[in-house]
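Open the model in your viewer and keep the selection panel at hand. This tour goes stop by stop: what to select, then what is there.

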Amino acid sequence: MENIGFIGLGNMGYPMAKNLEKAGFPLTVYNRTAQKAAGFAQQSVVSPDMETLVASNDIVFTMLTNDAAVSAVYEVIAKEDIKGKLFVDMSTISQKLSQQLAVTMRECGASFVDAPVAGSTMPATEGTLIIMAGGDDPDIARAMPYFEKMGKLTKHVGKNGQGIAAKLAINYFLSTLYQGLAETVLFSGSLGVSRTDMLEIINESASGSGATKVKTPLLLKDDYSPAFALDLMLKDVLLAQEAGADYPLTKPLIDTYSAAQREGLGSKDVMAVIDYLKK
């Protein structure tokens, strides 16, 4: 049993780290806002800084918001003595940055796996995320006992950067689903079909999916507290475009989510796109 560290206790990182704690692994956590780490103080170690966490752990997981946040953390990590350690970044960032981090970690004598996840806060809490991993076989095997506590399926999809590739692709698909769902609900409503009836029809038909079902309660309550923020969906579609997504839906998706963000909906759940589309 290796000592493990977890950096980043946001909406996703917190429940993911909690599942590692519940499994009984020796865990150290760090978050820039120290208050978010308070829930770990009883059973785990709350580190005062990243340097201390890196020094005292064999495997370090990172779950952060974007390229800038990940870059800042790994700049600190790269200055430490990290020979023999494994770093697993579970953030959704650009493929270019992820591949650069893999090179940097190898130059420092460490290993790196990119392992972004599919699923929002509920699957993160339940430990039923889908983990898409890119890296070498021995590194994936080393991380697997921990992946098994955070997700229901881990797919090793190739070398470093391929986990990110899979994540950008699945989130591109989700962006089309959520906008399509919002448009369908608005369209059916304009024709006099109740939202409750339309969502039941969608979910019981071939067009229903886990994605439509998880967003149904939000649409019925018209309450878009964030499980997966609209800001993050826009970020991921832009990353997909940067990685080469150039299809008939790419620009309309970016235009819609960008406009919704400008309307002040970015911090709400991605399904709040419906409030923009109403206009």
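The stops below cover a helix pair, a set of aromatic rings and a glycine in a loop. The model is a predicted one.

**Stop 1: two helices**

Select residues 162-190, which form helix 7, and residues 250-265, which form helix 11. How do their axes cross? They come within 11 Å of each other, at roughly 65°. An angle from 65 to 115 degrees counts as roughly perpendicular, so helix 7 and helix 11 fall in that class. The crossing of helix 7 and helix 11 is left-handed.

Now show the side chains at the contact. On helix 7, pick Tyr172, Ser175, Thr176, Tyr178 and Gln179. On helix 11, pick Thr250, Pro252, Leu253, Thr256 and Tyr257. Colour the contact of helix 7 with helix 11 by class: five residues are nonpolar, five are polar and none is charged.

**Stop 2: aromatic rings**

Switch to the aromatic side chains. The model has eight aromatic pairs, counting rings whose centres lie within 6.5 Å.

Select Phe25 and Tyr146. Their ring centres are 4.7 Å apart and their planes stand at 65°, so this pair is edge-to-face. Trace the chain from each ring. Phe25 sits in the loop between helix 1 (13-22) and strand 2 (27-30). Tyr146 belongs to helix 6 (residues 137-150). The pair links distant parts of the chain, 121 residues apart. Are these two residues buried or exposed? Phe25 and Tyr146 are both buried.

Next, select Phe61 and Phe147. Here the centres are 6.4 Å apart and the planes are at 70°, so the pair is again edge-to-face. Phe61 lies in strand 4 (residues 59-62) and Phe147 in helix 6, so the pair ties together parts 86 residues apart in sequence. Phe61 and Phe147 are both buried.

Ring pairs join Phe6, Phe25, Phe61, Tyr146 and Phe147 into a cluster.

**Stop 3: a glycine in a loop**

Go to Gly266, in the loop between helix 11 and helix 12 (273-277). Its relative accessible area is 5%, so with a cut-off of under 20% Gly266 counts as buried.

What does Gly266 touch, leaving aside neighbours within four places in sequence? Its contacts are Ala229, Leu230, Asp231, Ala260 and Gln261. Draw a distance from Gly266 to Asp231. Their C-alpha atoms are separated by 4.5 Å, while the two residues are 35 residues apart along the chain.

Conventions
Residues numbered from 1 in each chain as written. Predicted model: local features only at pLDDT ≥ 70, side-chain atom pairs only at ≥ 80, totals over all residues. Heavy atoms only, no water. Axes fitted to C-alpha atoms, helices over the stretch in contact; angles between N-to-C directions. Helix = DSSP H or I, 4+ residues; strand = E, 2+ residues; numbered from the N terminus. Parallel < 35°, antiparallel > 145°, perpendicular 65-115°, else oblique. Left-handed = near helix turned anticlockwise from the far one by under 90°. Contact = heavy atoms within 4.5 Å. Nonpolar A, V, L, I, M, F, W, Y, C, P; charged D, E, K, R; others polar. Phe/Tyr/Trp six-rings, centres within 6.5 Å; stacked < 30°, edge-to-face > 60°. Buried < 20%, exposed > 50% of the residue type's maximum accessible area, 1.4 Å probe, protein only.
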